[in-house]
Amino acid sequence: MKAAVWYGKEDIRIEDVQAPEVAPGQIGVKIKACGICGSDLHEFYSGPFIIPARPHPLTGKSGGPIILGHEFSGEVVKVGEGVKRIAVGDRVTINPLIYCGECHYCRKGEHIMCTKLGTVGFAWDGAFAEYGVFPEYGALKLPDSVTYDMGATIEPLAVAVHAVNRSGMKTGDSVAVIGAGPIGLFVLQACKAAGAGHVYVIEPMKARLETAARTGAHAVFDPTAVDVGKEIASLTDGLRADVAFDCVGNQASFDTAVKVTGRRATICVVGLALKPIEVPFIRLWGHEKQIRFSSGYQDEFSTAIAYLEDGRVRVDDLITGHISLDQLVEHGIKELKTHPDKHVKILVHP
């Protein structure tokens, strides 16, 4: 089969590789669509990043070669011994978490906190390939109304749903989303689906602001053009936002989150900060603000599927490109890096 194999920094090769065998408890999936994630860009330009440097305790994978790709959907073409929930012909997406099922956190159902956590596409061969084999426990069936393209967006949507859950957002809350990249745009829609009163989006790129407006933001702001704190204060009777989601993860975005939130507000950090961030302790302390963090997901895939099925979340405006596997690097990864203003989510069709 054909696959995009990561060997190291800026070294992804399109190769013919042996299709993996389906072991007990596993399913074989013909990949229909796989989204390119920001973490895939990190692996290409700076990796290994999430790819384990030492043999993973559950999969044995260590560095390259590894097949990337963890946002995907496909058709089940083979099932292993003992598989009961999933059958050949089922249309599925996969929760890519690989977990032990035995540690303190797994026993509580908090699989994202597993002490041996791994992920498909980093510690287990992923879906930038014609075919993949995955644990049955991660498989979820797709309703007929959810297309394969939509199915490839369920993983990042689950990230957004988890962020809303982690934030403690309540029905009617006013929300600010900082950053209108893929995750920020999904957080915007997940907040609305969960009952947010008003959602304001802050983003310097004009094209992304326009996308945020089309996908339901009540107001959008360019932080380089206006004082976003004063703008949101004017729309909330001076109270500012109850919840802010930092979907970028740098000093400027965190400072904006502090600025646009009111007293006893919550700042939920979703973006991955690669450098230390200074925290204005006195401002947070004086207004009793909270900082929470959100990383990945637990069991939010079912909610994400339901949001797509009933139309509360729409992804047509977020899917901005379709490419073949051969085009992954030049027209996918490099295109996203070079032209972030033109794209939200590019899908690969093996």
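**Strand pairing in the β2-β1-β4 sheet**

In the predicted model, three strands are arranged as an open sheet in the order β2-β1-β4, and their pairing is antiparallel. Strands β2 and β4 lie at the edges, each with a single partner strand, so one side of each has no neighbour in the sheet. Strands of a sheet pair through backbone hydrogen bonds, either parallel or antiparallel.

Strand β1 comprises residues 2-8 and is mostly covered, five of its seven residues being buried. In a regular strand the side chains alternate between the two faces of the sheet.

On one side, β1 is joined to strand β2 (residues 11-16) by six bridges, and the two strands run antiparallel. Lysine 2 has aspartate 16 of β2 as its bridge partner, while alanine 4 stands opposite isoleucine 14 in β2. The hairpin formed by β1 and β2 has two residues between the strands. Within this hairpin, glutamate 10 adopts a positive phi near 55°.

The pairing of β1 with strand β4 (residues 66-67) is also antiparallel and consists of two bridges. Here valine 5 of the pair stands opposite isoleucine 67 in β4.

Key:
Residues are numbered from 1 along each chain as its sequence is written. This is a predicted model: local features need pLDDT of at least 70, side-chain atom pairs count only at pLDDT 80 or more; totals for chains, interfaces and linings use all residues. Side-chain values use heavy atoms; hydrogens and water are left out. Buried means under 20% relative accessible area, exposed over 50%, partly exposed in between (1.4 Å probe, protein chains only). Helices (H or I, at least four residues) and strands (E, at least two) are DSSP runs, numbered from the N terminus. Two strands pair if DSSP finds at least two bridges between them.
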